[in-house]
Amino acid sequence: MTLNNVDHQDLTVAVAHGAAHGDAVNQVLLFPNEFEAAQRDYPILFRHDDRGGFYAVALLGLDRDDNLFLTPDGHWQASYVPAVRQRGPFGPTADGQGVQLDLDDPRVGTGGEPLYLPHGGTAPYLTHIEAVLSVIREGQAINAPLFAAWEAAQLLRPTTIEIDLGDGQTCTIEGIFVIAEDRLDALDADALASLHRSCALRAAFMALASLDNMPRLIERRRQRHGG
């Protein structure tokens, strides 16, 4: 359903996260224009899609369907929530110019945030959602060019991450790629300039820095599940 301030003047949407809303996942899609914000909280990894292209994920947990940032009372404990989880029951219209809402979502009409002001203007929450959808739209546009630039510079390295969780427990994350730090350090001046002009260089450094969050993610799991 496409929103407007006449038919949906009194509509509210609760801001909540939880398994019922699809948030109980250990990885979530991430776009390149989110890397700077996301790298403060999550390891950023890369995968192949079904057509052989690349996409980024924020690693949220070390066990299947286990989001270590999700609390039982519906909060997401991080400084940044990835855009595809921030958008909640909203999505873009077919022409990309408006906002659609899934009226069947349990967060709709449950005494949450208003979408419109009393006199018809857009309420802060809907303004925020419009910004989130803009992040997704822009991210989709820059995704392929960024990965093409990285591939041309041979910055993506396939790897397997093996983690000792303690008490004989291990976690293996397969089928992933990371930024190859040695290759990034060895780039010549022309490659550096080309990557810098396309903003791919900064994104590579952000993704590389994000791997420092792995020990903190392991500690989150230990605190929640023991080990």
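Mentor: We will look at a strand pair and then at a pocket. This is a predicted model, where local features need pLDDT of at least 70, side-chain atom pairs count only at pLDDT 80 or more, and totals for chains, interfaces and linings use all residues. Residues are numbered from 1 along each chain as its sequence is written, and side-chain values use heavy atoms, with hydrogens and water left out.

Trainee: Why is strand S3 largely enclosed by the rest of the structure?

Mentor: Buried means under 20% relative accessible area, with a 1.4 Å probe and protein chains only. Strands are DSSP runs of E with at least two residues, and helices are runs of H or I with at least four, numbered from the N terminus. Strand S3 covers residues 44–48, and four of its five residues are buried, so S3 is largely enclosed.

Trainee: In which sense do S3 and S4 pair?

Mentor: Two strands pair if DSSP finds at least two bridges between them. S3 and S4 (residues 54–59) are antiparallel, with five bridges. Phe 54 in S4 is the bridge partner of His 48. Five residues lie between the strands of this hairpin, where Gly 52 has a positive phi near 90 degrees.

Trainee: Which element gives the most to the lining of the second largest pocket?

Mentor: Helix H3 (124–152) gives the most to that lining, with four residues. Among the residues that line the second largest pocket are Thr 2, Tyr 116, Glu 130 and Arg 137.

Methods: On a 1 Å grid over the protein atoms alone, a cavity is a set of points where a 1.4 Å probe fits but cannot get out, and a pocket is an open set with protein on both sides within 12 Å along at least five of seven lines; lining residues have an atom within 4 Å of a point. Buried means under 20% relative accessible area, exposed over 50%, partly exposed in between (1.4 Å probe, protein chains only).
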